[in-house]
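Let's take a friendly walk through a protein model together. Please have a look at it first, and then we will go through some of its parts.

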Amino acid sequence: MMRPNSLLPLSPAAFHILLALAAEELHGYGIMQEAARQSEGQYRLGPGTLYDNLQRLLERQLVQPVGRRSGDDDPRRRYYRLSPLGQAVLSAEVARLESVVREAKLRLHGAKPRRT
């Protein structure tokens with residue numbers, strides 16, 4: 001099995017797609033809306049970026065296709081969900097970003113970085 005850290009860092013598009021799918025199964029347009037919502041409009045996925053990245057995430061088995069949902073009136077909609085590996089990669093990326101932000105805050109406040 002692939003180690004989550006070996007897939008880091010994630011591109012901003014991949015990060016926002018995985019984060020959008022962390023809460024629920026979504027179709028492409030829903031992913032675009034959720035990425036805009038969670039970034040307070042600061043990050044917007046266009047269709048080309050979304051579907052190119054979704055294809056890569058599917059190939060890496062970070063995302064799984066779900067198929068159609070009952071009650072959905074549009075047969076073209078394909079739904080996606082986060083795979084267990086995708087969940088692990090997203091968690092690893094969040095931890096990596098937290099570490100980067102912690103380091104940035106230290107530097108901005110004049111503290112010297114810790115040696116590891």
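Let's start with Glu34, which is buried, with a relative accessible area of 19%. Here buried means under 20% relative accessible area, exposed means over 50%, and partly exposed lies in between, computed with a 1.4 Å probe on protein chains only. Before going on, note that this is a predicted model, in which local features need pLDDT of at least 70 and side-chain atom pairs count only at pLDDT 80 or more, while totals for chains, interfaces and linings use all residues. Residues are numbered from 1 along each chain as its sequence is written, and side-chain values use heavy atoms, leaving out hydrogens and water.

Which residue does the side chain of Glu34 meet in a salt bridge? The partner is Arg37, at 2.7 Å from N to O. A salt bridge here is a side-chain nitrogen of Lys or Arg within 4 Å of a carboxyl oxygen of Asp or Glu. Side chains of opposite charge can pair when their charged atoms come close. Helices (H or I, at least four residues) and strands (E, at least two) are DSSP runs, numbered from the N terminus. An α-helix has 3.6 residues a turn, so residues three or four places apart point the same way.

How many salt bridges does a search of the whole structure find? There are four. Another one joins Arg96 to Glu93, with their closest N and O atoms 2.7 Å apart. These two residues sit three apart in helix H4 (residues 84-108), about one helical turn. Glu93 is buried at 2% relative accessibility, whereas Arg96 is partly exposed at 30%.

Arg81 and Glu25 also form a salt bridge, at 3.2 Å from N to O. This pair links distant parts of the chain: Arg81 is in strand S3 and Glu25 is in the loop between H1 and strand S1 (26-27), 56 residues apart.

Now turn to helix H3, residues 47-59. Its buried residues are Leu50, Asn53, Leu54 and Leu57. Seen down the axis of H3, they fall within an arc of 110 degrees (taken from the directions from the helix axis to the C-beta atoms), so they line one face of the helix. Among the elements covering them, by contact (heavy atoms within 4.5 Å), are helix H1 (12-23) and strand S2 (63-67).

How values were computed: Expected span 1.5 Å × (residues − 1).
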